[in-house]
Structure formats: C-alpha cells, structure tokens
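Good morning, and thank you for coming. I would ask you to look at the sequence and the structure together while I speak.

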Amino acid sequence: MKNRKFLTAVIAVMLSCALAACGGQTGTQQTTIAAAAEAAAETAASAQITAEEVTKAAAEETVAENAEAKTEASEEASEAGGASAESSAAGEVSGPVTITDMLGREITLEQPATRVVALTPSDCEILFAIGAGDTLVGRGEYCDYPAAVLDIPAVQSGAETNIEEILALEPQLLIMSAMSQTEEQAAQLEAAGVQVVISDAQDIAGVYTAIEMIGKLMGRDESAAEVIDNMKAIFAEIEEKSTGDGSKTIYFEVSPLEYGLYTAGAHTFMDEVANMLGVKNCFADVEGWGAISEEQVLKRNPDYIMTITMYYGEGPTPEEEILGRAGWENVTAVKNKAILNLVDNELSRPAPRLADGARKLYDFVYGEDAE
Amino acid sequence: MRSRSGRFSFIEFVIFVAVTFAVFCLCVCIGSVSIPLTDTLSVIWDGVRYHLGRLGMAVIQVVSGSGAEAVGGAGTVPGGVSATVESTGAVISGGNGVLASWLAAKPEGLQASIILSVRLPRVLCVAMTGAALALAGGAMQGLLKNPLADGSTLGVSSGAALGAVIAIAFGVRFPGLPFAGTMVMAILFAFLSLVLILTLAYRLDYSLATNTIILIGVIFSMFVSSLMNIIVTFAADRIQHITFWTMGSLQGASYQNALVLLGVLMLCGGMILRRAQELNAFAIGEDNARHIGVDVRRVKLVILIMVSGLIGVCVSIGGSIGFVGLVTPHIVRMLVGPNHRRLLPASLFGGAVFLMLADLAARTLLNPIELPIGVVTSLVGAVVFVVIFYRSRRRS
C-alpha cells in the first residue's frame with residue numbers, strides 16, 4: 001500500500017516535470033516531448049545529454065541556415081546600387097572577428113554575425129544606424145526606434161529576461177547592456193551556446209566604443225566609423241557654434257512633480273550635452289539620476305527647463321503643466337516659457353541619436369535661426 | 001473610574017496640540033533651502049493677511065452688492081428704511097477702507113514661493129496624512145484586537161493603490177480636476193477591496209473573527225500586487241510613471257489636496273472618534289461587546305468603511321506610506337494607555353508628528369536629493385518600535 005502511494009507520487013512528480021519542460025516557449029515542442037519521453041525512461045543525467053544533443057542538432061541547422069543567410073546578405077550588399085565599391089566591401093568583411101566587449105572580455109566570432117538579438121533599445125538603434133538592422137531576429141520589448149524595429153519579434157528583457165524565448169530565435173549573437181541585464185543571464189545564455197556581448201556606454205566616448213564594437217561584430221567597420229564621424233562632426237559643430245559661457249543654467253526633468261521630481265545630474269548624457277552647449281546643468285552636484293527637492297529647483301532658478309515626460313493626449317501637456325505649477329512663476333525658464341519637451345529618448349539612450357538630441361537642445365537654447 | 005482612564009483631559013489636549021503645532025512650525029521653517037526664521041514668519045503673516053483681506057473684500061462686495069440691490073428695489077419703500085440702508089452702505093464702505101489699509105500686497109519672490117507654494121501645503125498634507133493613517137491603524141488594531149492590524153495588512157492600501165495604478169495606466173481623468181482620477185479610483189478600489197474581503201470573511205466566518213480577516217487581507221494584498229504587475233506589463237509605456245508613483249511622494253502636494261484631506265479627516269476621522277467607547281468594548285472581546293449591547297457588525301462595518309475612506313485618500317495623494325499606521329498607535333499606547341477615548345485622539349496627533357518629522361528627514365538629510373518618505377518611515381519606525389518594545393518588556 002505504502003509502495004503504491006510512493007510510486008504514484010513519483011510518477012506525478014515526473015509527469016509534472018515533463019509538463020514543465022514542454023510548456024516552455026521554444027517552439028520545438030515535438031522534439032522536446034520526444035526528449036522528455038526518453039528522459040522519463042532513463043535517468044535525469046541522460047535527459048540532460050539528450051537535451052544537449054537536441055541543442056547541438058539545432059545549432060548545426062542554424063549554421064547551415066546562417067551560411068545561406070550570409071550568402072544572401074552579401075549578394076544584397078553587392079547588388080545595392082549607389083553604394084561605392086568600398087562600402088560594399090565593408091558589408092562583405094568575413095573571416096574571424098575579435099573584439100573586447102565593454103566588460104573587458106575578449107570575444108571571437110568565426111565570421112560576422114548574421115542572426116542577432118539585442119535586448120537594449122540603444123543597441124538596436126546602433127544596429128540600424130550601421131545598416132545591420134536586417135540581422136536582428138529579436139529585440140528587447142522596450143526597443144522602439146526606428147519604427148522598423150517594431151516588426152522584429154520582441155522578447156522580454158531586464159529582470160524578466162526569458163532565456164528560452166531568446167534561444168528559440170536561434171541567435172548567434174546577443175547584445176545586451178551591463179546596466180539593465182545581469183551577469184547571471186549572460187552566463188546562462190553562454191552556457192546555452194549563444195555568444196553574449198555586453199555594451200556599457202556611460203558617456204559619449206563610450207557610445208563611440210559601443211558603435212565601433214558592434215560594427216566589428218557585424219563586419220561593418222566602415223559604416224560604424226561613418227556613424228561615429230557623423231556624430232563627432234555634429235557635436236564639434238554645435239560645440240563650436242555655442243556661445244554660452246556656463247552662466248545660463250538648465251534643469252533636466254526626468255519625472256514630473258506629480259510623481260516626485262527626478263533629474264539627470266552629473267555624468268549623464270544630458271549633462272554632457274549641456275556642457276557642450278556652454279550651459280550649466282543646475283543639478284551638476286547630483287551624481288547620476290536622482291530624486292531632488294522642489295525647493296531646490298526654485299532656488300537654483302534655471303534659465304531653461306528640458307522635460308522628457310511623455311504626453312498621452314489628455315490633460316495639460318508637460319509644458320503647460322510646468323508653466324502652471326504653484327510657486328514656479330518666478331523661475332526664469334517659466335517666465336520666459338523656455339521649456340523643451342523631448343519625448344523620444346534622444347538624450348537618455350547611449351545611441352547615435354544623441355547627436356540629434358544635442359542639436360534639438362542647441363536649437364532650443366540658441367534659437368533655430370542660429371543654425 | 002479614575003480620571004486617568006477617562007477621556008482626554010483639557011491639559012493633555014493642550015499639550016498634544018502644542019507639540020503638534022511646534023513640530024509643524026519646525027517643519028515649515030526647515031527645508032532644503034534654508035530661509036531665515038524671521039523671513040519665514042513674515043512671509044506667512046503676509047500670506048495670511050493677503051488671503052484674509054481678499055476674503056474680507058469678497059464678503060464686503062457680496063454684502064454691498066445685495067445692499068445696492070436693496071436700495072434699487074427700495075423705490076416704493078418709505079424714506080426711513082432707505083436711509084437705514086444708505087447708512088449701512090456707508091458703514092460697509094468705511095470697513096472697506098480699513099480693510100484696504102490692512103491688506104498686504106501679495107507676497108512675492110523666491111522665499112514666498114518656497115514657503116507658501118511648496119513647503120506649507122506639503123507639510124499640511126504630510127501632517128494630515130500621518131494623522132489619518134495613524135488613526136486608521138489605531139482603530140483597526142482596536143477593532144480586530146490584533147496588534148498587527150493596519151490598512152496595509154488588511155489589504156485596503158493595496159486595493160487603493162491598485163485603483164490608482166489603473167487610473168494612471170489607463171489614463172482615467174476627470175476634466176478640470178487634476179488628481180481626481182487617481183483619487184476617485186483609489187477610494188473606489190479601497191471600498192471595493194474592503195467589500196470583497198468582508199464578503200469572503202462573512203462567507204467563511206459569520207462573526208468576522210479577527211484571524212480570518214487578517215489572513216484574507218494578507219492574501220488579498222498578494223493577489224493585488226500580482227494584478228499590479230500584470231497591469232504594468234500591459235501598460236509598458238507608462239511603466240516609469242507607475243514605478244515612480246508606487247514609491248510614494250508627497251512632492252507637489254497642493255492646498256486642494258490639503259483641503260480634501262481635511263474634509264476626509266473630519267468626516268471619517270470624526271466618525272471613528274465617536275466610536276471610541278465601542279472600540280473599548282471590542283478590545284476586551286467581541287463577545288463582551290455583544291453582551292453589553294454593542295451592535296457588533298454595524299460598528300465593525302462603519303469603522304472599516306471609514307478606515308477605507310481615510311486610506312483611499314491618503315494613498316491617492318501620497319502613495320503607499322508604510323509603518324505609520326502600524327507603529328504610531330503602539331508608541332502612543334505606551335504614553336496614554338489603551339483606552340481608545342484617549343488612544344485615538346493621541347494617535348491622530350502622534351501620526352501627524354511622526355510623519356512630519358519623517359518627511360523633514362526625507363527632505364533635508366541628503367540635500368539636494370530627496371529620499372522617498374516610505375524609506376524614512378520604515379527605517380525610523382522600525383528602530384523606534386524595537387527600542388520602545390525592548391525597554392517596556394525589560395521593565396515589566
């Protein structure tokens with residue numbers, strides 16, 4: 001009697017294990033079920049081996065597919081009209097690539113990647129900027145720029161990163177940032193056979209490094225260099241034209257009063273761009289992003305206010321809301337209505353669009369006529 | 001009965017009011033931007049004068065307007081009456097002149113903005129939020145005879161927060177009334193979660209035994225927090241707003257908020273305070289209360305509804321602030337004893353003082369950075385609670 005109970009319990013546990021293993025999102029459920037059936041017959045250890053075999057088979061398939069995709073891609077690249085001989089050559093860089101990712105790990109790819117998943121919005125933006133957007137087979141759920149990225153299957157990212165979901169897309173390469181993802185996730189993905197590269201840009205120089213690194217990984221060194229040169233040119237132009245001497249101040253509002261004020265302090269992209277424009281961030285004494293006191297904003301009396309609050313189409317717009325705040329009527333920026341609402345994350349993501357954001361801020365501070 | 005176990009004596013009342021007022025003044029005078037005491041006082045005095053003057057002017061205008069009407073309509077009335085009306089008019093215009101000379105100009109400048117538009121409404125809201133939460137906690141603890149009872153353990157706070165999050169995520173707004181969307185939804189959901197918890201509790205246990213309610217409250221809180229996560233997943237574009245909101249902030253509190261809090265405190269708080277005697281009966285036991293003629297279910301229902309009203313408004317204005325409702329009544333009980341006729345009003349003042357001081361710390365400690373108030377209340381509250389608990393246990 002006791003034995004039967006025990007047996008029933010064991011069978012129930014095994015069944016639920018099998019169910020959990022098949023209930024994932026890998027999409028290769030038939031194989032998994034077969035593997036699970038075998039596993040049930042044998043021990044847990046052999047189950048692992050079977051699973052590994054399945055993965056290997058899948059990997060072999062992927063390589064074959066990749067080869068095809070690669071040929072297609074290079075055909076496309078050579079067909080692309082109007083492109084110079086050099087740039088089509090840039091698209092055809094092949095052979096092994098070695099880079100050092102931004103956590104200092106050396107990474108070698110047999111050849112430039114053709115199936116990529118990028119979890120961070122900025123990395124997606126960089127891929128598109130260097131013309132490698134078509135290699136994306138998956139993106140993090142918050143990646144929203146450019147519009148074409150929305151057609152690519154979304155996967156969960158951040159703390160909810162779903163490893164199975166990513167493996168199902170069979171990427172050769174996964175790009176993620178050190179800030180929103182964890183090292184455990186990287187280790188798990190690498191154990192599952194996906195090459196992980198980590199980007200971690202803290203300042204504009206770091207963005208250049210990230211672009212260069214991703215360019216190399218995709219075999220698009222030259223496009224990457226072009227993007228970087230373009231950014232550098234815009235920044236240089238703006239910096240040269242800016243006449244500010246740091247006497248005017250700007251307040252960056254990241255979260256509105258209703259939810260508690262947040263600002264971007266020192267060592268943020270906004271701060272860096274403000275310095276470039278010769279405008280002083282009035283919360284330069286705050287390190288990184290921080291919740292700040294409303295009284296301090298009034299006291300520091302900024303000449304300009306930039307808010308990144310989204311407008312959902314109901315109630316007052318972010319500008320109107322700031323203009324209508326009680327007690328803010330004496331703030332210079334409010335008096336002069338010098339408020340800019342930048343809603344597309346241009347100045348909060350380590351991506352090539354930082355240059356666009358800097359230009360918008362320049363136009364806002366110095367007037368569009370100055371251009 | 002000894003005088004000690006009766007109601008609040010006049011002197012005790014004066015002491016509590018004085019302490020609360022002193023802390024209130026302290027919190028208005030100290031802030032992230034330091035402003036000299038004399039300037040603070042003069043700005044407040046000017047503000048009060050300005051608003052009183054405007055109020056007076058408005059009253060006079062209404063009165064003299066009706067007076068003029070009376071004069072206009074007095075054509076057929078005998079001369080004597082119209083003379084009286086005229087003399088009243090003269091008196092009014094005289095009063096107008098006196099008022100005009102007393103009337104201060106609207107206080108302006110940085111200091112006036114900071115004190116009158118930022119600090120004063122915030123401290124007012126903080127004080128009343130603290131009072132409301134502590135009163136709600138004290139009433140809950142007495143009613144359920146459970147030292148762990150609080151708006152948060154009962155699930156009312158979570159319910160209110162869910163309502164507010166839904167309002168933010170799906171953009172529930174009422175035209176012309178800022179904040180009204182989150183507030184109405186928070187109160188509504190506080191009530192709804194209360195009804196749900198009570199219905200479930202009634203089904204399981206008709207007498208609403210304390211353990212049943214607390215257990216259901218805890219389970220409900222967990223259920224609600226997972227619902228909130230689901231909503232956040234759906235409204236990914238507003239995740240930032242929701243995250244900031246759930247951390248709780250009394251920044252940007254306005255006089256309108258203070259007025260709403262005052263109204264709720266007078267209505268719901270008053271109702272709870274009037275039930276203090278019944279709560280005493282509950283403290284001995286539900287059966288005891290029933291035997292001495294307390295309508296147990298009715299009193300329970302009234303108090304639970306009033307508590308959810310208080311908590312709904314507090315949550316919609318300041319987010320979920322933990323520990324105030326739980327700790328304050330315990331601290332206060334050590335000062336004034338367990339009689340609810342003394343405990344409840346003392347909790348009211350104690351909660352106000354505690355939250356004002358916590359907010360002061362949140363505002364000034366890491367200047368110019370501001371801490372979430374919930375962090376301070378939990379940190380300070382937990383330590384204070386342990387110290388007091390330890391000492392009282394050792395003594396006994």
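Let us begin with Tyr202(B), which is found in helix H7 of chain B, a helix that covers residues 180–204. Please bear in mind throughout that this is a predicted model. Is Tyr202(B) buried, exposed or partly exposed? Tyr202(B) has 13 C-beta neighbours inside 10 Å, and therefore counts as partly exposed. A residue would need 20 or more such neighbours to be called buried, and 12 or fewer to be called exposed. Along the sequence, Tyr202(B) and Thr212(B) are 10 residues apart. In space, their C-alpha atoms are separated by 9.2 Å.

I turn now to chain B as a whole. Chain B contains 16 helices and 0 strands. Of its 396 residues, 43% are buried. Consider next the contacts in chain B with a separation of 6 or more: 78% of them are between residues 24 or more positions apart.

The domain assignment of chain B gives domain 1, residues 37–102, and domain 2, residues 110–395. How many residues of domain 1 of chain B are in contact with domain 2 of chain B? There are 5, and they meet 4 residues of domain 2. On the domain 1 side of this contact, 2 residues are nonpolar, 2 are polar and 1 is charged.

H4(B) has 35 residues, and 49 Å separate its first C-alpha from its last. That span is close to the 51 Å expected at 1.5 Å a residue. Where does H4(B) bend? The bend, of about 35°, is at Arg119(B), and the proline Pro121(B) follows within four residues. Just after H4(B) comes Lys145(B), which takes a positive phi of about 50°.

H4(B) is also mostly covered, with 33 of its 35 residues buried. In soluble globular proteins, nonpolar side chains tend to be buried together. In this model, the largest nonpolar core has 183 residues, and those with the most contacts inside it are Ile214(A), Ala132(B) and Leu310(B). H4(B) gives the most to this core, with 22 residues. Which residues does Ala132(B) contact, leaving aside its neighbours within four places in sequence? The list consists of Leu261(B), Val264(B), Leu265(B), Gly269(B), Leu310(B) and Cys314(B).

We come next to the contact between the two chains. The contact takes 27 residues from chain B and 26 residues from chain A. In chain B, helix H4 (110–144) and helix H9 (239–246) each supply at least two residues of the side that touches chain A. H4(B) gives the most to that side, with 6 residues. By class, the chain B side divides into 9 nonpolar, 13 polar and 5 charged residues.

Finally, let us consider chain A. Its domain assignment gives domain 1, made of 68–78 and 86–235, and domain 2, residues 243–370. The C-alpha centres of these two domains of chain A lie 31 Å apart. In the contact between them, 18 residues of domain 1 of chain A meet 14 residues of domain 2 of chain A. Helices H5 (121–129), H8 (204–217) and H9 (221–241) of chain A each supply at least two residues of the domain 1 side. That side has 13 nonpolar, 3 polar and 2 charged residues.

Thank you for your attention.

Technical notes: Residues numbered from 1 in each chain as written. Chains lettered and ligands numbered in written order. Predicted model: local features only at pLDDT ≥ 70, side-chain atom pairs only at ≥ 80, totals over all residues. Domains from an automatic or database assignment. Contact = placed C-beta atoms within 7 Å. Nonpolar A, V, L, I, M, F, W, Y, C, P; charged D, E, K, R; others polar. Expected span 1.5 Å × (residues − 1). Bend = angle between axes of the 7 residues up to and from the residue. Core = buried A, V, L, I, M, F, W, Y, C linked by C-beta atoms within 7 Å.
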